[in-house]
Amino acid sequence: MSLWADILRWAHVIGATVLFGTGAGIAFFMLMAQRSGRADLVAHVAGTVVIADTIFTATAVIVQPITGVLLAQALGWPLYEGWIVLSLLLYVVTGLFWLPVVWIQIRIRNLARQAAIENAPLPAEEKRLFRIWFACGLPAFAAVLAILWLMVTRPEIGF
């Protein structure tokens, strides 16, 4: 394997790790903050989550398909191989669930900030949005896990 392919593989693995780790961390801390019922804590954590998603997740979302395509080309893997096609489809599924989550967590942050300023409990809308946020996160996270499995095992999948 060439140095270029090694660099691409490393960058692709780092990107996958960032997507997985940031997703898991964000979900854990948002859940723990939500369970506290404290508007100030939810506002702080949701604010941090929005920043983390902007810096880490969004960057990895852009880098992953670029490094993946370049790596496949460098290694001579056709993009129509079954495991690659399935990975790309799952990547789209992940994105379809992630995009609304970004808007929802911004809204959660804003609602929690307002409640904290008013020294009020978290509003019903915030709790409803959190349930939607969490429900969207489950299939997105499952898809990321499936993509990681496909990347590691590269099973023969016929279409």
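Let's start with the rings: there are five aromatic pairs here, counting rings of Phe, Tyr and Trp (its six-membered ring) whose centres lie within 6.5 Å, with planes under 30 degrees apart called stacked, over 60 edge-to-face and the rest tilted. You're looking at a predicted model, where local features need pLDDT of at least 70, side-chain atom pairs count only at pLDDT 80 or more, and totals for chains, interfaces and linings use all residues. Residues are numbered from 1 along each chain as its sequence is written, and side-chain values use heavy atoms, leaving out hydrogens and water.

Select Phe28 and Phe29. Their rings pair edge-to-face, 5.2 Å from centre to centre with 75 degrees between the planes. Phe28 is partly exposed, at a relative accessible area of 46% (buried is under 20%, exposed over 50%, partly exposed in between, with a 1.4 Å probe and protein chains only).

Next, pick Phe130 and Trp133. Their ring centres sit 5.6 Å apart and their planes at 25 degrees, so this pair is stacked. Both belong to helix α4 (residues 124-153), three residues apart, about one turn of the helix. Phe130 and Trp133 are both buried.

Now show helix α2 (residues 39-75) and helix α3 (residues 82-117): their axes come within 9 Å and cross at roughly 160 degrees. That makes α2 and α3 roughly antiparallel (over 145 degrees; under 35 is roughly parallel, 65 to 115 roughly perpendicular, the rest oblique). Colour their contact by residue class and you'll find 21 nonpolar, four polar and four charged residues (nonpolar: Ala, Val, Leu, Ile, Met, Phe, Trp, Tyr, Cys and Pro; charged: Asp, Glu, Lys and Arg; polar: the others, Gly among them).

Methods
Axes are lines fitted to C-alpha atoms, for helices over the stretch in contact, and angles run from 0 to 180 degrees between N-to-C directions. Helices (H or I, at least four residues) and strands (E, at least two) are DSSP runs, numbered from the N terminus.
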